[in-house]
Amino acid sequence: MKAEEFLKGRGAQYNPANPYLKQEYVAAHIEGLDEAMLSNSKTEFFTEHPKKIVNKVESPDLGLSYSMNPYQGCEHGCVYCYARNTHQYWGYGAGLDFERKIIVKENAPEVLARQLENQNWQVMPIMLAGNTDCYQPIEAKKQLTRRMLEVLLEYRHPVSIITKNALILRDLDLLKQLNKLDLVHVNISITTLDEKLRQKLEPRTATGARRLQVVKQLAEVGIPVNVMVAPIIPGLNDSEIPAIIKSAAEEGASSAAYTIVRLNGSIGPIFEDWIREAFPDRAEKVLSQIADCHGGQLSDSRFGTRMRGEGKFAEAINKLFKMSQNRYMAGRSMKPYNYNYFCTRAGIQINLF
């Protein structure tokens, strides 16, 4: 693809074949009039009614918790997103399909309530948007995330929200109520403060400056905010670590964390294609340094090292992050959850009489 043909508003620049499908759509004739349309078509939405919405997370890298995602696929278009591979399980591609074919789980709030009513339910924080962003653009219309927060408030259940969209401020009223009971943590992902980089790296997200405003508005009302400097991509945004942490601290963030990019499955070729088109002068350096962090490979599935990396570049990133954290966020931390308020609807009804 030539530089002038770079698909603006998209992260991935093509749609790789789905390894789980025996057949795929291709452009049969190079002179086909519809080729451009097929390359960057409009976003489509599909309805799904799952029987289960909350899944238990048992990864030793993340600790015991749950995750739930009202949407599959994400309009934000972050080229590095680890969730791209999961889109293939639905019969779509991890590239452009991930950004333009969005599955909406219409019954998510109702299914959440049913799962919380299970007599064997064990109370642990639920990561809302542990896979795709629960505040991506379609949420403004569907409001599934808001309705799920209403369910969590009703049951007094702890929740951890991860987003890079300012739409979260729409639900400030619910977040305040959850926070009064120590039931909510918010994680704002800030990958870069370089607007030119953001426009290519994560094209449909809020700007870095806007995300810092979100941190400020949440912190001002006492809601604990953790800033995720993630993912750190060696040779691309690692030098921004001090500036991001400093800016987040100035806006009232309670803590900061980071992960190093890993390009598993189809994400590897998607990212490599993107970096060679978006930043051809830096491509080899970036790819080489990413590989150096993961034992010579772009991908890494090893627990314990996959999110932090290893080797000289990973060590340098870790030291820079810790120095910045100690300098700008010393003594700060996220306040603990309160697990004592959880109550099923049956329990609530009993208390009324």
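Tutor: Helix 5 and helix 6 are roughly parallel to each other; angles under 35 degrees count as roughly parallel, over 145 as roughly antiparallel, 65 to 115 as roughly perpendicular and the rest as oblique. Helices (H or I, at least four residues) and strands (E, at least two) are DSSP runs, numbered from the N terminus. This is a predicted model, in which local features need pLDDT of at least 70 and side-chain atom pairs count only at pLDDT 80 or more, while totals for chains, interfaces and linings use all residues. Residues are numbered from 1 along each chain as its sequence is written, and side-chain values use heavy atoms, with hydrogens and water left out.

Student: At what angle do the axes of helix 5 and helix 6 cross?

Tutor: Axes are lines fitted to C-alpha atoms, for helices over the stretch in contact, and angles run from 0 to 180 degrees between N-to-C directions. Here the axes of helix 5 and helix 6 (residues 172–180) cross at roughly 20° and come within 10 Å.

Student: Is the crossing of helix 5 and helix 6 left-handed or right-handed?

Tutor: A crossing is left-handed if the near helix is turned anticlockwise from the far one by less than a right angle, and right-handed if clockwise. For helix 5 and helix 6 the crossing is left-handed.

Student: Which residues of helix 5 and helix 6 meet?

Tutor: Contact means heavy atoms within 4.5 Å. Arg146, Leu149, Glu150, Leu152 and Leu153 of helix 5 meet Asp173, Leu174, Leu175, Gln177 and Leu178 of helix 6. By class, the contact of helix 5 with helix 6 has six nonpolar, one polar and three charged residues; Ala, Val, Leu, Ile, Met, Phe, Trp, Tyr, Cys and Pro count as nonpolar, Asp, Glu, Lys and Arg as charged, and the others, Gly among them, as polar.

Student: How do helix 3 and helix 5 cross?

Tutor: The axes of helix 3 (residues 108–116) and helix 5 (residues 144–155) come within 8 Å, at a crossing angle of roughly 20°. Helix 3 and helix 5 are therefore roughly parallel to each other, and their crossing is right-handed. The contact of helix 3 with helix 5 comprises ten nonpolar, no polar and two charged residues. Among those that meet are Leu112 and Leu116 in helix 3, and Met148 and Val151 in helix 5.

Student: What is the packing of helix 9 and helix 12?

Tutor: Helix 9 (residues 241–250) and helix 12 pack with their axes 9 Å apart, at an angle of about 25°. That makes helix 9 roughly parallel to helix 12. The crossing of helix 9 and helix 12 is right-handed. Ile241, Pro242, Ile245, Lys246 and Ala249 in helix 9 meet residues of helix 12, including Ile317, Leu320 and Phe321. The contact of helix 9 with helix 12 divides into eight nonpolar, two polar and one charged residues.

Student: Is Phe321 buried or exposed?

Tutor: Buried means under 20% relative accessible area, exposed over 50%, partly exposed in between (1.4 Å probe, protein chains only). Phe321 lies in helix 12 and, at 4% relative accessibility, counts as buried. Not counting residues up to four places away in sequence, Phe321 touches Val229, Ile241, Ile245, Ala256, Ala257 and Tyr258. Phe321 and Ala257 are 64 residues apart in sequence and 8.4 Å apart in space, C-alpha to C-alpha.

Student: How many helices and strands does the chain have?

Tutor: The chain has 13 helices and ten strands. Of its 353 residues, 53% count as buried.
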